[in-house]
Amino acid sequence: QVQLVESGGGLVQPGGSLRLSCAASGSIFSINVMGWYRQAPGKQREVVAAMHSGGSINYADSVKGRFTVFRDDAKNTVYLQMSSLKPEDTAVYYCYADGIQTPFGYLRDYWGQGTQVTVPS
């Protein structure tokens, strides 16, 4: 079984920084895409940043220049470095992994349990 375990959420003042981490555990050979989504109260889940194993990265327009996604494939871990945080960044942040190569097959669409990030206004 593969699990994604997130850490690093919390309360941070506007303009502050926070780093989220997500480690994938289990028998994993490789992971194609790792990234982050978020869901604010009353809103749909939206992509924040995604990083492909080849190095290409996609960011939501709302976080470009403020957030950085990077991964450590040796640890099957993805990070989200968030800076210049705004109240509108308040949401539950979910780690995401797709295209997980394991001894048991190729797995799609795995999610972490979510971690709360709160930026008060």
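Student: What should I know about the model before we start?
Tutor: This is a predicted model, in which local features need pLDDT of at least 70 and side-chain atom pairs count only at pLDDT 80 or more, while totals for chains, interfaces and linings use all residues. Residues are numbered from 1 along each chain as its sequence is written, and side-chain values use heavy atoms, with hydrogens and water left out.

Student: How many helices and strands does the protein chain have?
Tutor: The protein chain has zero helices and 12 strands; helices (H or I, at least four residues) and strands (E, at least two) are DSSP runs, numbered from the N terminus.

Student: And how compact is the protein chain?
Tutor: Its radius of gyration is 14 Å, close to the 14 Å that the globule rule gives for 121 residues, so the protein chain is as compact as a globular protein of that length. The radius is taken over C-alpha atoms, and the rule is 2.2 Å times the number of residues to the power 0.38. Along the principal axes, the C-alpha atoms fill a box of roughly 45 × 25 × 25 Å.

Student: What percentage of the residues is buried?
Tutor: Buried residues account for 43% of the 121 residues. Buried means under 20% relative accessible area, exposed over 50%, and partly exposed in between (1.4 Å probe, protein chains only).

Student: Which residues of the largest nonpolar core touch the most other members?
Tutor: Of its 30 residues, these are Trp 36, Val 48, Phe 67, Leu 80, Met 82 and Tyr 93. The largest share of this core, five residues, comes from β9. A nonpolar core here is a set of buried Ala, Val, Leu, Ile, Met, Phe, Trp, Tyr and Cys residues joined through side-chain atoms within 4.5 Å.

Student: What does Leu 80 contact?
Tutor: Leaving aside neighbours within four places in sequence, the contacts of Leu 80 include Trp 36, Val 48, Phe 67 and Tyr 93. Contact means heavy atoms within 4.5 Å.

Student: Turning to Cys 95, is this residue buried or exposed?
Tutor: Cys 95 counts as buried because its relative accessibility is 0%. Cys 95 is found in strand β9, residues 91-102. Its C-alpha atom is separated by 6.2 Å from that of Cys 22, 73 residues apart along the chain. Cys 95 also touches Cys 22, and its other contacts beyond four places in sequence include Trp 36 and Trp 111.

Student: Where does Phe 70 lie?
Tutor: Phe 70 lies in strand β7 and is partly exposed, with a relative accessible area of 29%. The C-alpha atoms of Phe 70 and Met 51, 19 residues apart along the chain, are separated by 7.1 Å. Beyond four places in sequence, Phe 70 touches Arg 19, Met 51, Thr 77, Val 78, Tyr 79 and Gln 81.

Student: Now the backbone: what is phi of Asn 76?
Tutor: Phi of Asn 76 is near 50 degrees, a positive value in a residue other than glycine. Most residues other than glycine have a negative phi. Asn 76 lies in the loop between β7 and β8 and is buried, with a relative accessible area of 14%.

Student: And what about phi of Asp 109?
Tutor: Phi of Asp 109 is near 55 degrees, again a positive value in a residue other than glycine. Asp 109 is placed in the loop between β10 (105-107) and β11 (110-111). With a relative accessible area of 43%, Asp 109 is partly exposed.
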